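Here is my note on this model, point by point. Please read it with the coordinates open.

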2 protein chains.
Amino acid sequence: MTTPAHANHDHSHSAGHDHEKCVSEALGTAEQLCVVRGVQLTPIRHQVLELIWDSHKAVKAYELLDRIKPLQNAAKPATIYRALDFLIEQGLIHRVESLNAFVGCSCSGHQHEQLLLICNNCQEVEERSAPEVMQALSQEIKQADFIVHSKAIEIHGICAKCAQTMSGEQG
Amino acid sequence: MTTPAHANHDHSHSAGHDHEKCVSEALGTAEQLCVVRGVQLTPIRHQVLELIWDSHKAVKAYELLDRIKPLQNAAKPATIYRALDFLIEQGLIHRVESLNAFVGCSCSGHQHEQLLLICNNCQEVEERSAPEVMQALSQEIKQADFIVHSKAIEIHGICAKCAQTMSGEQG
DNA sequence: TACCGAATGTTATAATATAACATTCGATTT
DNA sequence: AAATCGAATGTTATATTATAACATTCGGTA
């Protein structure tokens, strides 16, 4: 086994949350799905996915590029964007449109369209399936006689954890 | 009165829709709101708003730059981005996150956060207030204990008009 | 007149993303 | 084995989107 890609990651998420498990589940699911679908989760694609899963924060493409260079010396923008395209096509990551950034998807294989709660303080992104919202949305779209290709539902603000930390620290 | 900024615009929207009225209402509302709020809808800002309202399509910043140059010879990227920043702050336009583009807001002054239906065929953007969706969304966000700063709800697909046109033409 | 703040002018560059063509490599065919 | 093919990657160049930083203008007012 090689040095894991997350060897020197940011551990801010470690409290109250087994991130090793998040990562191993996400990677395991990704590997299985790719086999089932007959598509290749190549080393580069796997490394990019692993780097994205280093945290629950949205990550920028060029940040991934910097971080993959020690592993893939030849890496160029196209290296990253191609891997990202693949991972998005396979529903393994979300593109966060409002940040031009990317985050792992924990619902791969199930329905992929989720509500994203994006913390402006810690940059972590929480996925929620939000069935009531999706139901109301389907109704609305049907009323508009609109044929859906894709949905992006992105809420920016302050997550519960940060709200607590901030109020605890400053007031 | 000077030559209107939309003098040579794309008339594809003209069928069944009085666009002159859209524009005059939007600009009138913008002017009033800016007076009430004590902010300046300067000539540049007004021109950018007018250019955006040239159609219901999402427009790119550099496209606006090209289109404003005949009117503002000195225009540079900052000219446009500053005007866009102002118009967004004032709720007079929407930034379409998933396109890095901008579209006029017809709900200025009322609640500004709307569902955007973005046609991948004609690029027109329809705003819908979608109260049931917003209600469900508020519930969901409350359950997540998340403090909202802003929302982006963007649906891509094919609008009713295009769906009809396409089926009529090819099938 | 001197000063201030808001808006704009101006130059430069950062950050994000794609196009286009070359190469590699494993699988399949010949 | 040689020829071929397609998927993935390498490589170079460039397009697109956005901001930083400092200068200037200009109306209001101390």
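1. Terms and ground rules. A residue is buried if 20 or more other C-beta atoms lie within 10 Å of its own, exposed if 12 or fewer, and partly exposed in between, with C-beta atoms placed from the backbone. This is a predicted model, where local features need pLDDT of at least 70, side-chain atom pairs count only at pLDDT 80 or more, and totals for chains, interfaces and linings use all residues. Residues are numbered from 1 along each chain as its sequence is written, while chains are lettered from A and ligands numbered from 1 in the order in which they are written.

2. Fold of chain A. Six helices and five strands make up the secondary structure of chain A. Helices (H or I, at least four residues) and strands (E, at least two) are DSSP runs, numbered from the N terminus. Their order along the sequence is α-α-α-α-β-β-β-β-α-β-α. Chain A has 171 residues, and 35% of them count as buried. Two residues are in contact if their C-beta atoms, placed from the backbone, lie within 7 Å. Of the chain A contacts between residues at least 6 apart in sequence, 57% join residues at least 24 apart.

3. Helix α2(A). Seven of its 10 residues are buried, so α2(A) is largely enclosed by the rest of the structure. The buried residues are R45(A), Q47(A), V48(A), L49(A), E50(A), L51(A) and I52(A). They pack against α1 (19–37), α3, α4, β1 (93–96) and β2 (101–104) of chain A.

4. The nonpolar core. A nonpolar core is a set of buried Ala, Val, Leu, Ile, Met, Phe, Trp, Tyr and Cys residues joined through C-beta atoms within 7 Å. The largest one holds 90 residues, and V48(A), V48(B) and I52(B) touch the most other members. Which residues does V48(A) contact, leaving aside its neighbours within four places in sequence? They are L64(A), I68(A), I80(A), A83(A), L84(A) and L87(A).

5. Symmetry. Chain B superposes on chain A by a rotation of 180 degrees with 0.0 Å of shift along the axis, at RMSD 0.0 Å. That is the relation of a two-fold axis. In chain B, the C-alpha of I153(B) is nearest the axis, 2.2 Å from it.

6. The interface. On each side there are 33 residues: 33 of chain B are in contact with 33 of chain A. On chain B, the elements giving two or more residues are β3 (115–119), β4 (125–128), α5 (131–143), β5 (147–158) and α6 (160–170). The largest share, 12 residues, comes from β5(B). By class, this side of chain B has 18 nonpolar, seven polar and eight charged residues. Here Ala, Val, Leu, Ile, Met, Phe, Trp, Tyr, Cys and Pro count as nonpolar, Asp, Glu, Lys and Arg as charged, and the others, Gly among them, as polar. The copies meet through the same surface, because 100% of the interface residues of chain B are also interface residues in chain A.

7. Strand pairing. Two strands pair if DSSP finds at least two bridges between them. β5(A) and β5(B) pair in the antiparallel sense over 11 bridges. There E154(A) has A152(B) as its bridge partner, and A152(A) stands opposite E154(B). Within chain A, β3(A) and β5(A) run parallel, joined by five bridges, with L115(A) partnered by I153(A).

8. The hairpin in chain B. β3(B) and β4(B) pair in the antiparallel sense over four bridges. I118(B) stands opposite V125(B). Five residues lie between the strands of this hairpin, where Q123(B) takes a positive phi near 70 degrees.

9. DNA strand D. A residue is near a strand if its C-beta atom, placed from the backbone, lies within 6 Å of it. By this criterion 19 residues surround DNA strand D, the closest being T42(A), I44(A), A74(A), A78(A) and N100(B). α4(A) gives the largest share, four residues. The classes are 10 nonpolar, five polar and four charged.

10. DNA strand C. Around DNA strand C there are 19 residues, of which N100(A), T42(B), I44(B), A74(B) and A78(B) come nearest. Here α4(B) gives the most, with four residues.

Technical notes
Least-squares fit on C-alpha atoms with pLDDT ≥ 70 in both.
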